[in-house]
Amino acid sequence: RAFERLFFLLRDSTEFDGSQYDQNGDGGVTWDEFYRVHKQRTIIIRFSIFERLYLLFSHPDTCILAQIVSALILVTIVISSLSFILSTLPECHRTPEHCDSLETMEACCLSIFIV
């Protein structure tokens, strides 16, 4: 019954037949039996835009774009950390006009973090 609900939620077009999953004929479907038969079917999962955004930002192994976003965020964190560390140098306190680029980089990183 749980697998029937699963295929209903996945909006699978083919009718669910539990007997094809019960390969040993004991009247129950184990996960191994389900997985073997499931690999043979092509089930398409439709995600909403919010689910896609969640996967994009939370799971970098889902697609190439998610890996690029993850790498971009990591580089942004490194740049932000470096600009913060470099802005604490004594040269920036004596002549702050030389460190304006560091403040600009920090502002850009902050805007990326906010988005």
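The legends below describe close-up views of a predicted model.

Residues are numbered from 1 along each chain as its sequence is written, and side-chain values use heavy atoms, without hydrogens and water. In this predicted model, local features need pLDDT of at least 70 and side-chain atom pairs count only at pLDDT 80 or more, while totals for chains, interfaces and linings use all residues.

**View 1. Overall fold of the protein, with seven helices and zero strands.** The order along the sequence is α-α-α-α-α-α-α. Helices (H or I, at least four residues) and strands (E, at least two) are DSSP runs numbered from the N terminus. Of the 115 residues, 19% are buried; buried means under 20% relative accessible area, exposed over 50%, and partly exposed in between, with a 1.4 Å probe and protein chains only. Contact means heavy atoms within 4.5 Å. Among contacts between residues at least 6 apart in sequence, 36% join residues at least 24 apart.

**View 2. Packing of helix α4 (residues 49-58) with α5.** The two axes come within 7 Å and cross at roughly 50°. Axes are lines fitted to C-alpha atoms, for helices over the stretch in contact, and angles run from 0 to 180 degrees between N-to-C directions. α4 and α5 are therefore oblique to each other, given that angles under 35 degrees count as roughly parallel, over 145 as roughly antiparallel, 65 to 115 as roughly perpendicular and the rest as oblique. On the α4 side, the contact is made by Leu55, Leu56 and Phe57; on the α5 side, by Leu65, Ala66, Val69 and Ile73. By class, these residues are seven nonpolar, no polar and no charged. Ala, Val, Leu, Ile, Met, Phe, Trp, Tyr, Cys and Pro count as nonpolar, Asp, Glu, Lys and Arg as charged, and the others, Gly among them, as polar.

View 3. Ala66 counts as buried because its relative accessibility is 0%. Apart from neighbours within four places in sequence, Ala66 is in contact with Leu55, Leu56, His59 and Pro60. Ala66 and Leu56 are ten residues apart along the chain, with their C-alpha atoms separated by 4.7 Å. Leu53, which lies in helix α4, is 13 residues from Ala66 along the chain, and the C-alpha separation of this pair is 9.3 Å. Leu53 has a relative accessible area of 39% and is therefore partly exposed.

**View 4. Lining of the largest pocket.** About 160 Å³ of space lies in this pocket. On a 1 Å grid over the protein atoms alone, a pocket is an open set of points with protein on both sides within 12 Å along at least five of seven lines, whereas a cavity is a set where a 1.4 Å probe fits but cannot get out; lining residues have an atom within 4 Å of a point. Grid points are joined across faces, edges and corners, and the volume is the space filled by probe spheres set on the points. The lining consists of Phe57, Val69, Leu72, Ile73, Ile112, Phe113 and Val115. Two or more of the lining residues come from each of α5 and α7 (100-114). The largest share, three residues, is that of α5. Seven lining residues are nonpolar, with no polar and no charged ones.

**View 5. Ser80 and Ser83 in helix α5.** Helix α5 spans residues 64-86. Ser80 is buried because its relative accessible area is 10%. Leaving out neighbours within four places in sequence, the contacts of Ser80 are with Glu106, Cys109 and Phe113. Ser83 has a relative accessible area of 2% and is therefore buried. With neighbours within four places again left out, Ser83 is in contact with Leu102, Met105 and Glu106.

**View 6. Leu10 in the loop between α1 (2-9) and α2 (18-21).** Leu10 is buried because its relative accessible area is 17%. The C-alpha atoms of Leu10 and Phe47 are 9.8 Å apart in space, and the two residues are 37 apart in sequence.
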